[in-house]
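Hi everyone, thanks for making time.

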Amino acid sequence: MAAASSSSSSSRSYASSSSYSQLPPYAQNLIGPIDSNWTPNSAVSDLTDEFSTPQGQLRPLDLGPPGYQATIVLFEGTAEERTIYLGPWEVVGHDHRRILWQCSYQLERLEHFLPSPSPTETFPHTLHSRHRQFSDPCQLEQYVTFRERHRIRYTSEDGVVIHDQPIEVKYEFTTVESAIHFQGDLRRKDLVDCFDVDVVWTDTQGRTDTFGNIRGIGTVQRLKLWSDRQNTSHSLTIFANRADRRYKEYQVDQFEDYRRFLDTWLMAHSSDSEYHGISYPTDAFELPSPQITAASSYQLSTNSLWQTDLPTLPEPAEEDDPTP
């Protein structure tokens, strides 16, 4: 039970996606229809028979793993730069947590060492939609990074350690679902949803500074809502790039009057959505009404361009003087 609770993996989704149907169209055309007797070496044999080329001079056709879920670039910006295709992952360990990745081939392995033993102190970082304005905001969750350098060790299929040093880790996932699942396994919390916000402030750190400039604790960041897998409590995380440049996490039940706010919000939203009347024109201009007093008298001109249909009332009869 302890091992099961301390590790998370994605082998189920990897196994289901490693079929022939997941290959790209150009790869299916190269290898032909699926055959139980087909192997990469048989494809090489067919090529050698057709062109009469010795088999020893050809290498097996490498189309990449059909079921990989993410990629990472090692030795970025150098002549030795290489892209590693990552398959299923597994988060293991207690005091020294790390992510084990199965790579392109069966014996390759990439290990991602996490600096903190606590899942609640691990914060995968994704971008605000304004950082890539021509991309789908939801797809930005596929690009997972971290705010500090992490140690990455990559071992080849021959058991040779090719890379073992701290780097700026950048994962690019093939689907949004796998990226969300990966982030949840790191934190042992399910990522419920994420929201792009322009500025976040608190009651102790205001929205603006002393000069009136917008500051808060974080600006142009992605706010994330998490659900704990053990007690189902919810929390919010935000990167405080305007404060101490660290991630902040707040429990949802710590906010004042949030239930009253939600009830008032729902009532206002329902009222506005049900209103189908004619709104008051915003460009209308109305003159102020004149002040009418009891001593003022008005008389209609007979030369006016309009007539009234008001009824003519008889003058009141004069009363007799009651004095004897």
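Let's start with a question: are tryptophan 89 and tryptophan 101 buried or exposed? Tryptophan 89 is buried, and tryptophan 101 is buried too. Here, buried means under 20% relative accessible area, exposed means over 50%, and partly exposed is in between, using a 1.4 Å probe and protein chains only.

Quick housekeeping. This is a predicted model, where local features need pLDDT of at least 70, side-chain atom pairs count only at pLDDT 80 or more, and totals for chains, interfaces and linings use all residues. Residues are numbered from 1 along each chain as its sequence is written, and side-chain values use heavy atoms, with hydrogens and water left out.

Okay, the overall view. The chain has 6 helices and 14 strands; these are DSSP runs numbered from the N terminus, with helices being H or I of at least four residues and strands being E of at least two. Of the 324 residues in the chain, 30% are buried.

Back to our two tryptophans. The whole structure has 13 aromatic pairs. To pair, rings of Phe, Tyr and Trp (its six-membered ring) need centres within 6.5 Å; planes under 30 degrees apart are stacked, over 60 are edge-to-face, and the rest are tilted. The ring centres of tryptophan 89 and tryptophan 101 are 5.6 Å apart and their planes sit at 55°, so this pair is tilted. Tryptophan 89 is in strand S4 and tryptophan 101 is in strand S5, so the pair ties together parts that are 12 residues apart in sequence. Tyrosine 171 and phenylalanine 173 make a tilted pair as well, at 6.1 Å centre to centre with 55° between the planes. Both are buried: tyrosine 171 is at 2% relative accessibility, and phenylalanine 173 has a relative accessible area of 2%.

Now, the core. A nonpolar core is a set of buried Ala, Val, Leu, Ile, Met, Phe, Trp, Tyr and Cys residues joined through side-chain atoms within 4.5 Å. The largest one has 23 residues, and those with the most contacts inside it are Trp101, Leu110, Tyr171, Phe173 and Phe182. Among the elements that each supply at least two residues of this core are strand S2 (70-74), strand S8 (150-155) and helix H5 (176-187). Apart from it lies another core of 8 residues, including Val197 and Ile217.

What about isoleucine 99? This residue is in strand S5 and counts as buried, at 0% relative accessibility. Leaving out residues up to four places away in sequence, isoleucine 99 touches several others, including Trp89, Leu110, Phe182 and Leu186, where contact means heavy atoms within 4.5 Å. Isoleucine 99 and leucine 186 are 87 residues apart in sequence, yet 8.5 Å apart in space, C-alpha to C-alpha.

Strand S11 gives the largest share of the lining, 4 residues. That's me done, thanks!
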